[in-house]
Amino acid sequence: MQPKPLNLPFDPIDRAAESWRAHFGPSGAMAAVTSIMRAHQILLSQLDALLKPYGLTFARYEALVLLTFSRTGALPLSKIGERLMVHPTSVTNTVDRLEKSGFVRRLPNPRDGRGVLAEITEPGRDVVRRATGDLMAAEFGLSMYAEDELQAMFDQLRTLRVAAGDFAGPSMRQDEEHGGLL
């Protein structure tokens, strides 16, 4: 189910930017961040609606995809949190839900006696394939953009991610432990 369009007669973020300028000064950063936050709400709502028939949220889908991309189909929970850039509690909650759905199973980590691995199951692999087909058909909610615009958007947001310390620089590194670009 798609969220109901607001169909407002004006752009509330643009209106807020005008007020911001009048009260506080330059409004470019405020308008940009507010637009990014609204875009996040819109996209997450659309993607979660596409994934709901599969019993997934976008966060759970991302975890399954990460496990699909791993060499063995299993990763330590700490590595999942690192790769998805989420708090350990969020990883535990996500893996709990995926395990209840039969999409992953927990295993003891043979390299760490106290650690736990999450391993994708065949039903998990199947749901990733089917859900990915729907997401790709919907172009992840970004069908209004051309490929070069998507690349420009990625590049613009990458600058913010590098500045925040998400990763060391513009190139990705080979993850030796898990055999892939992760």
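The model is predicted: local features need pLDDT of at least 70, side-chain atom pairs count only at pLDDT 80 or more, and totals for chains, interfaces and linings use all residues. Residues are numbered from 1 along each chain as its sequence is written, and side-chain values use heavy atoms, with hydrogens and water left out.

**Overall fold**

Seven helices and three strands make up the secondary structure of the chain. Helices here are DSSP runs of H or I with at least four residues, strands are runs of E with at least two, and both are numbered from the N terminus. Read from the N terminus, the order of elements is α-α-α-β-α-α-β-β-α-α. The C-alpha trace spans about 60 × 40 × 30 Å along its principal axes.

The chain has 182 residues, of which 30% count as buried. Buried means under 20% relative accessible area, exposed means over 50%, and partly exposed lies in between, with a 1.4 Å probe and protein chains only. The accessible surface comes to about 12100 Å², and carbon and sulfur atoms hold 59% of that area. These areas come from the Shrake-Rupley method with a 1.4 Å probe; for residues, only the protein chains shown count as cover.

A contact is a pair of heavy atoms within 4.5 Å. Among contacts in the chain with a separation of 6 or more, 52% join residues 24 or more positions apart. The chain carries 21 positive and 22 negative side chains, and the centres of the two sets lie 6 Å apart. Lys and Arg count as positive and Asp and Glu as negative, while His and the chain ends are not counted. Each charge is placed at NZ of Lys, CZ of Arg, CG of Asp or CD of Glu.

UniProt lists residues 29-159 as "domain: HTH marR-type", in an unreviewed entry. Positions from UniProt are given in the numbering used here, feature names are shortened, and annotations may be inferred rather than shown by experiment. Over residues 29-159 the chain is 65% helix and 10% strand, with the end C-alpha atoms 15 Å apart.

A nonpolar core is a set of buried Ala, Val, Leu, Ile, Met, Phe, Trp, Tyr and Cys residues joined through side-chain atoms within 4.5 Å. The largest such core holds 25 residues, and the members that touch the most others are Leu-51, Leu-56, Tyr-61, Leu-64, Leu-67, Ile-80 and Leu-98. At least two residues of this core come from each of α2 (28-51), α3 (58-69), α4 (77-84), α5 (88-100), β3 (116-120) and α6 (122-137). Helix α3 supplies the largest share, seven residues.

Helix α4 has Leu-77, Lys-79, Ile-80, Gly-81 and Arg-83 as buried residues. The buried residues of α4 pack against α3, β1 (74-76), α5, β2 (104-108) and β3. Beyond its neighbours within four places in sequence, Ile-80 is in contact with Leu-66, Leu-67, Leu-75, Val-91 and Ala-118.

**Individual residues**

Thr-94 is placed in helix α5. Leaving out residues up to four places away in sequence, Thr-94 touches Ala-59, Arg-60 and Ala-63. Thr-94 and Arg-60 are 34 residues apart in sequence, yet their C-alpha atoms are 5.8 Å apart. By contrast, Phe-69 and Asp-14 are 55 residues apart in sequence and 41 Å apart in space, C-alpha to C-alpha. Phe-69 lies in helix α3.

Most residues other than glycine have a negative phi. Met-85, in the loop between α4 and α5, has a positive phi near 55°. Glu-139 also has a positive phi, near 50°, and lies in the loop between α6 and α7 (147-163).

The table gives the relative accessibility of these residues.

| Residue | Relative accessibility | Class |
|---|---|---|
| Thr-94 | 16% | buried |
| Glu-139 | 41% | partly exposed |
| Met-85 | 51% | exposed |
| Phe-69 | 55% | exposed |
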